[in-house]
Amino acid sequence: MTGELVITHLYPGQKPLIRYRTGDMVRAQVLNTGQWHIIPIGRVRDTLIINGSTHCAYDIEATLLENLKGCLDYHILVEAVAGADQLSVTLELESSSATLNNLQFIASSMAEKLNTRVRIAVGSTDAVTGTAAMVSWKAARLHDKRQGSDNQERETALKIATWRA
């Protein structure tokens, strides 16, 4: 199961009185022993709907990085192209760390797992990717240019990245 971690007080025969929404996305699995195994996979606000399917930040990043060596930084641009969502990924890589064939394989793998078109290019990212701890993964790593997208957190990240003391 995947969803938001919500903590509540449960007492036998009583209704829950207090629920605390943590804002954390988790993946939970019941083990053979009956215990729960819970893996944090990001924040609720870092989910992204791509072509009608919801994806967590963890899954998007894992899909990109699972076969990529020497990645120093990355940025993802989301656009609607011909009525479908498309991801354009810019990678900063260690010199000669990835071949063109490997990048094409990664793009194909991402496209299959995320059900969208994916383009990957090697280039420079901007200072906003370094602000993730101050804002969110989504604001720092993702620019959603689709109509109606809320980029308020990204705008905050841009202000942080360009602020001078």
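Me: A residue is buried under 20% relative accessible area, exposed over 50%, and partly exposed in between (1.4 Å probe, protein chains only). Why is Arg146 called buried?

Reply: The relative accessible area of Arg146 is 16%; this value is under 20%, so Arg146 is buried. The structure is a predicted model, in which local features need pLDDT of at least 70, side-chain atom pairs count only at pLDDT 80 or more, and totals for chains, interfaces and linings use all residues. Residues are numbered from 1 along each chain as its sequence is written, and side-chain values use heavy atoms, with hydrogens and water left out.

Me: What makes Asp85 and Arg146 a salt bridge?

Reply: The term requires a side-chain nitrogen of Lys or Arg within 4 Å of a carboxyl oxygen of Asp or Glu. The closest N and O atoms of Asp85 and Arg146 are 2.8 Å apart, so the pair qualifies. Asp85 belongs to strand E7 (residues 84-93) and Arg146 to the loop between strand E9 (142-144) and helix H4 (152-162), 61 residues apart. Here helices (H or I, at least four residues) and strands (E, at least two) are DSSP runs, numbered from the N terminus. Through shared partners, salt bridges join Asp85, Asp144 and Arg146 into one network.

Me: How many salt bridges does this rule give?

Reply: The count is seven. One of them pairs Arg21 with Glu4, at 2.6 Å between the closest N and O atoms. Arg21 lies in strand E2 (residues 19-30) and Glu4 in strand E1, so this pair ties together parts 17 residues apart in sequence.

Me: Are Arg21 and Glu4 buried, partly exposed or exposed?

Reply: Arg21 has 59% relative accessibility and therefore counts as exposed. Glu4, at 24%, falls in the range between and so counts as partly exposed.

Me: What joins Arg141 and Asp73?

Reply: A salt bridge joins them, with the closest N and O atoms 2.3 Å apart. Arg141 is in helix H3 (residues 137-141) and Asp73 in strand E6 (residues 71-81), so the pair links parts 68 residues apart in sequence. Both Arg141 and Asp73 are buried.

Me: Which residues touch the most other members of the largest nonpolar core?

Reply: A nonpolar core is a set of buried Ala, Val, Leu, Ile, Met, Phe, Trp, Tyr and Cys residues joined through side-chain atoms within 4.5 Å. The largest has 22 residues, and Leu64, Ile76, Leu87, Val89, Leu91, Met110 and Ile120 touch the most other members. Elements giving two or more residues include helix H1 (57-65), helix H2 (100-114) and strand E8 (117-122). H2 gives the largest share, five residues.

Me: What makes Met1, Val30, Trp36 and Ile38 a nonpolar patch?

Reply: Patches are made of residues with over 30% relative accessible area and no salt bridge, like charges being joined within 9 Å and nonpolar side chains (Val, Leu, Ile, Met, Phe, Trp, Tyr) within 5 Å. Met1 has a relative accessible area of 66%, so it passes the 30% threshold. Together the four residues have about 460 Å² of accessible area, from the Shrake-Rupley method with a 1.4 Å probe, only the protein chains shown counting as cover for residues.
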